[in-house]
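Colleague: I would like to learn how to read helix packing and chain contacts in a model. Please go through it step by step.

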Amino acid sequence: MTAQTSGCPLHLERLKSSSKPNFSRCSLAQAIVPIGNDLFMLGSKMNVLNLMFCRTRDIQVIGFTPMDDDSDIGQGLSLDVRNLTKRFGNFTAVDNLSLKVKKGEFMGLLGPNGAGKSTTLKSITGLISPTKGKIYINGIDSVKHRNAMTHVGCVIETPESYPNFTPTEMMQYVGRIHGLSNKEIKIRARDVLEEVRMWSWRDKNIGEFSKGMRQRVSLAVAMFPNPNLVLLDEPTSGLDPRGMIEIRRTMNSLKKRGMSLLISTHILKEVSEMCTSMTMINHGKTIISGDVNKLIHNLAQNENTVAIELRMLGDLTNKFISDINAMTGVSNFEKMGEGSVKFSFNGTDDQQADIVDLVYAHKLRLLCMNETGADIESLYMKLTDEARVNIK
Amino acid sequence: MSRKEKKAKKVKKTIVDSYDESSRDLTDHQAHRDVVYALPSKMSQTMQCYFVQMKRYTRQRVMVLSSVLLILMPVIYYAMGIYILPTSAVTNIAIAGILSFMPILIVLLSCIACGSILSQEFNERTAFLSLPLPMSRSSFYMGKFLAAFTLVGGIVAAAYGIAMLLTMTGTDRTYTWDLFRSLMVSLCFVFFCCSTTYMLSTKLKRGSTMLPFILLFIVLPLIAEIVPVFFKMDVISKILGYLPCFGADVALNMLGYTNVVISFNGIFSNFVPGLIDFSVGGNPIIMSIVCILSGALFLFLGYYVVKRRDV
């Protein structure tokens, strides 16, 4: 704060999407300068107060934030967490964490148990108040302005809907809190309940639902205000495979609509399949952050190790096993079952071809040779191991 | 409007109406996802929380049963009155006799309605759904409290109404303003009981119906009755007589019914007569103010706890 002592950007939301913000009823027309999408700058704090008094039906002031020196608030970012710290007594759950989610980006938040993932998400949603740091949602400081949550949907730690309510009633509750009319609530309730495949259960008590169905209702609640940022904290935990697949299917439909997503999960496959970027945290600190594919590619380049799985017909003799173990580049040899072995390989293509020759030399018939490079699991293991060593 | 325009309008309507699971590829416009809306006022959000909590009450068996019981209590008392209650031809006294169960039942119902109302939200994880919504915690907190207060207050008012109906025969039917004032004092007492219990529910992890009941119905009155014995000072006795836990006694005393059997004061003085010289406050206005102020204080304390609470 600030070179511009008199300037502070305002975030304005239009009530009528077709119309441009109309400041004509306000005497400050000259003082308002557009600086981005839905962001305007006002000359002084007095101007802010005046605008508050003379706001028209066309605009609604969501909040205003003093401009920082390095201000890029709201510029293409759905979520901007800056130096977030949360302490519980002497224990620091989140330590100076920063992360940015661009508009339309799907980010995975990874980390072992107790890393601070849930605390981060809870801080963003206002369930806990941060000790230090700033959180901007669509450019609005969410710690100061609850209105910042208008375009956010979240499923934090398996939330439960009221068991005596039906999904339709839950939608009515959420819709009215958001200020939607009854007609709009009906249309949107149908949209989101169909999206999560709960429309045919709309008039049944939520208390009678299975865990997966309740989770889907929570997801419908999160999607109800048509958010541009969705925060999910382990949305598939405790669900059966079918439930997981259905939740993932819903998340993929969010992707098509251009929503931003921050998902905290232990299921690495979810991150590698759905997310474009990831942030890994441990002990409340960021270990690594970036594009998922790039990070895995970098790891593969650094490690140059692949896992090879062989399936063969014939008896695997001790001689064959000792021969293959003795080959250059082979490590972590493991017999998987009848005629199947797995090992790590770090060598040239010629050396890899020698392995195939060895198989034939022992009069075995090769059914399949499966080679997997570095994946998100190996990246996760490597990074969490490194973090452990650093802490020791 | 031309025929073409009418037809176009009709087609547009059909798209919305025929919206089913097979047509999941609707555009944002067709699915109304692009409708821009404004958040309602804080008061409106508070009222939404209020209605949701009221709806929850209507679906909780314990609440429904307790409410029905409390409303029926005057009828039961009236039926049993000839055996256990002093009959009176004076309407107000007869009404007070019928309502003499109020001191214990107001506390009990307040404890049932508010005792675990907030802790339940956190234990059942429903707060994880409500609190991230774009509304302040004060709306959430006040909406729930208002629902509890309205419920208990409504039942008390209904009990007064039923008592009035029951005294239409057999009394002189002289309904004075004291009856209305007594109702007001009772409602102030309801406010105090609800806010105290509500505040406790913010502090207790699992909520409790028993603890606030013991506190409000036994511990506080017991302290008020025992302390003057040791100090033997009239001033202290008078001050303690205005403790808000005696609100219901004052409300019934106003109607000329001094022997409120079912209150701590009544039970205590009936079982150990002459042991202590204690009487509850006589001024209903002071009692109302004390109830409202202490209730507001507890309500604020509870809000302070909820606002700072990390979920």
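**Reading the helices**

Modeller: This is a predicted model. In helix α14(B), the buried residues are M287(B), S288(B), V290(B), C291(B), G295(B), F298(B), L299(B), G302(B) and V306(B).

Colleague: What covers the buried residues of α14(B)?

Modeller: Their cover includes α6, α8, α9 and α12 of chain B.

Colleague: How do I describe a pair of packed helices?

Modeller: Packed helices are described by the angle between their axes and by the distance between those axes. Here, α2 (residues 42-58) and α8 (residues 137-166) of chain B pack at about 50°, and their axes are 7 Å apart. That angle makes α2(B) oblique to α8(B). The crossing of α2(B) past α8(B) is right-handed.

Colleague: Which residues of α2(B) and α8(B) meet?

Modeller: From α2(B), they include K42(B), Q45(B), M47(B), Y50(B), M54(B) and Y57(B). Those of α8(B) include S139(B), F140(B), K144(B), L146(B) and L151(B). By class, this contact has 10 nonpolar, six polar and two charged residues.

Colleague: How many residues of chain B are in contact with chain A?

Modeller: 32 residues of chain B contact 41 residues of chain A. On the chain B side, α2 and α7 (127-130) are the elements that give two or more residues. α2(B) gives the most, with four residues. The chain B side divides into 18 nonpolar, five polar and nine charged residues.

Definitions and conventions
Residues are numbered from 1 along each chain as its sequence is written. Chains are lettered from A and ligands numbered from 1 in the order in which they are written. This is a predicted model: local features need pLDDT of at least 70, side-chain atom pairs count only at pLDDT 80 or more; totals for chains, interfaces and linings use all residues. Axes are lines fitted to C-alpha atoms, for helices over the stretch in contact, and angles run from 0 to 180 degrees between N-to-C directions. Angles under 35 degrees count as roughly parallel, over 145 as roughly antiparallel, 65 to 115 as roughly perpendicular and the rest as oblique. A crossing is left-handed if the near helix is turned anticlockwise from the far one by less than a right angle, and right-handed if clockwise. Two residues are in contact if their C-beta atoms, placed from the backbone, lie within 7 Å. Ala, Val, Leu, Ile, Met, Phe, Trp, Tyr, Cys and Pro count as nonpolar, Asp, Glu, Lys and Arg as charged, and the others, Gly among them, as polar. A residue is buried if 20 or more other C-beta atoms lie within 10 Å of its own, exposed if 12 or fewer, and partly exposed in between; C-beta atoms are placed from the backbone.
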